[in-house]
Amino acid sequence: MAPPHYTIIGTPFSTFTRSITLGLTYKGMPFTQVRCVPHSDTADDNHPFGFLPTLIIHEIDGKTVNLKLRESVAIARYIDRVSPEPSLHISPGQGKAIIEEQMWEFVSLAGAHGFPAVEKGVVKPRVAATDEGKLTDSAIRTQIKPAVEHLKRLLGKLEELMADEGYVFGSKLSWADFFLFPLLADLKAIPEGELLSPRMLNWMEEMNKLEAVKATTAGTLSVGARPP
């Protein structure tokens, strides 16, 4: 059997990496994964600033290229171009979308604003303090309270953009779901998951039924993993 044409550089613990492996898996595109953390030697070798993920495209039109494609949205757009089906795009009228670009708007909001609010503000400080074992739960809550308040507001804004039921854009699964889900799966794994509304929890329940989600769960915070 020929080796996969793609290698993904990044730990499963990375939410951006998982967004991409969700897409690859959903579209049935085989890949190998090199597990590394940001700013490690491997990450630095594959991304100019040491971030995750990088997709290495080993072959294009039968020619070996070993092209390194960086940044999650660029990778998602490449995946869509070479493997358009099953589609992860939306059409106007699905969910609250009037134009299809609103899907990419949601993706950008999740990445640019959701990631720092969820991961940097709440998840990482909570996990670090819990693993260190020196602070009580009450002390940790006090320490991260401003970030939790900010996150509460952000989740409310994101929910306003979501359809009332189903996926982010109603009945149509899209990249919006794959960029939001890793963040909220991490959040749900810590006590601050109590911030998640019934709408968000119902959405997560639907997402958890997907084979792509099941296949990319190992190595994530949701099953108690930590970065390698």
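Contact here means heavy atoms within 4.5 Å, and by that rule Leu151 touches Ala117, Val118, Val122, Leu187 and Leu195, not counting residues up to four places away in sequence. The model is predicted, so to speak of local features a pLDDT of at least 70 is needed, side-chain atom pairs count only at pLDDT 80 or more, and totals for chains, interfaces and linings use all residues. Residues are numbered from 1 along each chain as its sequence is written, and side-chain values use heavy atoms, with hydrogens and water left out. Helices (H or I, at least four residues) and strands (E, at least two) are DSSP runs, numbered from the N terminus.

**Nonpolar cores**

- A nonpolar core is a set of buried Ala, Val, Leu, Ile, Met, Phe, Trp, Tyr and Cys residues joined through side-chain atoms within 4.5 Å; buried means under 20% relative accessible area, exposed over 50%, and partly exposed in between (1.4 Å probe, protein chains only).
- The largest such core holds 62 residues, and Leu151, Trp175, Leu184, Leu187, Trp203 and Met207 have the most contacts inside it.
- Helix α4 supplies the largest share of this core, with twelve residues.
- Another core, of five residues, lies apart from it and includes Ile9, Cys36, Ala43 and Leu52.
- As general background, nonpolar side chains in soluble globular proteins tend to be buried together.

**Helix α7**

- Helix α7 spans residues 198–207, and its buried residues are Arg199, Met200, Trp203, Met204 and Met207.
- Seen down the axis of α7, these buried residues fall within an arc of 135 degrees, so they line one face of the helix; the arc is that of the directions from the helix axis to the C-beta atoms.
- What do the buried residues of α7 pack against? Their partners are α5 (137–161), α6 (175–188) and α8 (211–215).

**Strand pairing**

- Two strands pair if DSSP finds at least two bridges between them.
- Strands β1 (residues 6–9) and β3 (residues 54–60) are paired in the antiparallel sense over four bridges.
- On the other pairing, β3 and β4 (residues 63–70) run antiparallel and are joined by six bridges.
- Ile56 in β3 is the bridge partner of Thr7, and Ile56 also stands opposite Lys68 in β4.
- Two residues sit between the strands in the hairpin of β3 and β4, where Asp61 takes a positive phi near 50 degrees.

**Pocket and cavities**

- On a 1 Å grid over the protein atoms alone, a cavity is a set of points where a 1.4 Å probe fits but cannot get out, while a pocket is an open set with protein on both sides within 12 Å along at least five of seven lines; lining residues have an atom within 4 Å of a point.
- Grid points are joined across faces, edges and corners, and a volume is the space filled by probe spheres set on the points.
- Elements giving two or more residues to the lining of the largest pocket are α1 (15–26), α3 and α4, with the largest share, six residues, coming from α4.
- There are two cavities of 30 Å³ or more, and the largest cavity has a volume of about 50 Å³.
- Lining the largest cavity are Thr15, Phe16, Ser19, Ala110, Gly111, Phe115, Phe179, Pro182 and Leu183; α1, α4 and α6 are the elements that give two or more residues to this lining.

- Ala43 belongs to helix α2 (residues 41–46) and counts as buried at 1% relative accessibility.
- Leaving aside neighbours within four places in sequence, Ala43 is in contact with Cys36, Val37, Pro38, Gly50 and Leu52.
- The C-alpha atoms of Ala43 and Pro53, ten residues apart along the chain, are separated by 8.2 Å.
- Is Ser83 buried or exposed? With 12% relative accessibility, Ser83 counts as buried, and its place is in the loop between α3 (72–82) and α4 (101–132).
- Ser222, in the segment after α8, counts as partly exposed at 36% relative accessibility.
- Not counting residues up to four places away in sequence, Ser222 touches Ala185, Ala189 and Thr217.
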